[in-house]
Amino acid sequence: MVVGPYRGLFGMPGVKGFVIAGFIGRLPMAMLGIGTVLLVSAVTGSYATAGGVSAMGSLMFAAAAPVTGRLTDRFGQSRVLVPLALLHGVALSSLLLSAHLRAPDAALYLAGMATGATAPALGPMVRARWSHVLKDKDPGKLHTAFSFESVVDETIFISGPALVSALAATVNVYAGLIAAIAFTLAGALTLASFRGTEPPVVRETGKRHGTPIAIPGVALLTVVFLGVGSVFGSIDLITVGFAEEQGHRGAAGFMLALIASGSAISGLWYGSRAWRIPLHTRFVRTLTLFALGLIPVTLMEQVRPMLVALFVAGLSISPTLITGFSLVQRLVPAGQLTEGMAWLSTAIGFGVALGSWAGGWLTDAYGAHNAYAFSFGCALLAAVVGMAGSALVRVDETGELPHGQSGRS
């Protein structure tokens with residue numbers, strides 16, 4: 001059964017607490033972008049300004065994530081999360097205040113950048129906790145835990161935009177971001193208080209190891225996930241344009257939810273399986289399916305068949321992300337695990353920004369139907385790069401590394 005393997009994950013002490021806190025604290029990551037666009041466009045009357053402020057926030061978050069991860073590995077989650085969450089609350093409050101006072105665009109941009117730079121990257125921290133609490137357990141349990149986290153991410157990306165949009169429509173344009181502040185503070189501070197499941201700081205003798213991005217396998221995964229993120233960013237924007245071109249603009253949210261739903265369903269199924277196929281082989285295969293799954297999307301010209309195509313395209317997303325994070329968990333020393341996983345999040349973030357820009361430009365220039373070719377091209381490139389460099393992520397099921405790289409300490 002699909003649900004069976006997940007039941008055993010939540011009986012361990014402290015697990016339910018950090019899972020719930022992680023969910024609450026990560027919900028704002030799907031609220032900030034659309035919430036910023038709704039607020040800034042309402043007070044300035046400019047979607048260009050709104051999109052620019054939102055994009056700068058996303059880019060700063062992507063750039064800051066590895067730094068936050070490195071600090072977390074060095075000083076511990078609780079010592080980093082508390083001040084970071086408080087700073088983020090101040091930064092996001094300054095964005096709300098700047099909008100309310102009709103401050104110049106420069107102030108909005110600065111506040112947006114500060115908001116992104118201080119946003120806690122809780123995804124890598126939660127996955128690091130799973131790695132810690134399951135370190136002496138059956139390796140298959142970690143695979144199931146990472147699969148569960150992928151499903152949580154998809155749930156967040158379905159519910160977050162809907163929640164912030166509903167608050168903006170029913171209360172006011174400030175309400176969604178005020179809720180985001182509350183969720184961040186509640187989730188991050190609660191997670192920091194759960195010391196029993198917090199990964200210990202690894203005290204290294206001699207010189208500290210360099211950054212995980214210097215590990216060839218992690219560098220390869222980062223490049224691949226840059227392409228994957230470009231697919232995410234472009235297909236979201238292009239799908240909105242496609243729905244509008246077809247005269248069904250209101251269907252855009254449902255269409256995007258179908259992608260996330262397909263990913264969530266496949267993530268649950270993927271995590272319930274006990275796989276004997278090596279991780280690096282699974283990674284190449286999921287990337288290949290990721291690219292192939294986008295072919296029907298490029299061929300559809302009407303909304304109804306596109307609904308099916310988008311759902312099918314989403315089926316390979318979670319397995320691809322799960323195998324990528326699982327490979328990082330085996331490639332990176334224990335004392336750098338949070339930073340290592342943050343590099344993948346950073347790659348996806350930069351890819352989303354690139355994909356959004358390219359998708360928007362191509363939609364305006366050639367129409368949404370033709371612009372989907374860019375999404376497919378990014379997925380195909382990611383698959384080719386992953387296949388060509390698959391030897392760099394060849395690990396056995398105990399986490400030993402190829403090519404003489406040092407294992408987790």
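The following legends describe close-up views of a predicted model.

**View 1. Helix H2 and the helices around its buried residues.** Helix H2 covers residues 15-26. Val 15, Phe 18, Val 19, Ala 21, Gly 22, Gly 25 and Arg 26 are the buried residues of H2. They pack against three helices, namely H7 (122-133), H8 (139-170) and H9 (175-193).

**View 2. The aromatic pair of Phe 18 and Trp 130.** The structure contains eight aromatic pairs. One of them joins Phe 18 and Trp 130 in an edge-to-face arrangement, with 5.2 Å from centre to centre and 75° between the planes. Because Phe 18 belongs to helix H2 and Trp 130 to helix H7, the pair ties together parts that are 112 residues apart in sequence. Both Phe 18 and Trp 130 are buried. Together with Phe 10 and Phe 148, these two residues form one aromatic cluster.

**View 3. Ala 30 in the loop between H2 and H3.** Ala 30 is located in the loop that lies between H2 and helix H3 (32-44). Its relative accessibility is 7%, under the 20% limit, and Ala 30 therefore counts as buried. Beyond its neighbours within four places in sequence, Ala 30 is in contact with Ile 156, Phe 157, Gly 160 and Pro 161. Arg 249 is 219 residues from Ala 30 along the chain, and the C-alpha atoms of these two residues are separated by 21 Å.

**View 4. Arg 127 and the ring of Phe 325.** Arg 127 lies over the face of Phe 325, at 4.3 Å from the ring centre.

Key: Residues numbered from 1 in each chain as written. Predicted model: local features only at pLDDT ≥ 70, side-chain atom pairs only at ≥ 80, totals over all residues. Heavy atoms only, no water. Helix = DSSP H or I, 4+ residues; strand = E, 2+ residues; numbered from the N terminus. Expected span 1.5 Å × (residues − 1). Buried < 20%, exposed > 50% of the residue type's maximum accessible area, 1.4 Å probe, protein only. Contact = heavy atoms within 4.5 Å. Phe/Tyr/Trp six-rings, centres within 6.5 Å; stacked < 30°, edge-to-face > 60°. Lys NZ or Arg CZ within 6 Å of the ring centre and 35° of its normal.
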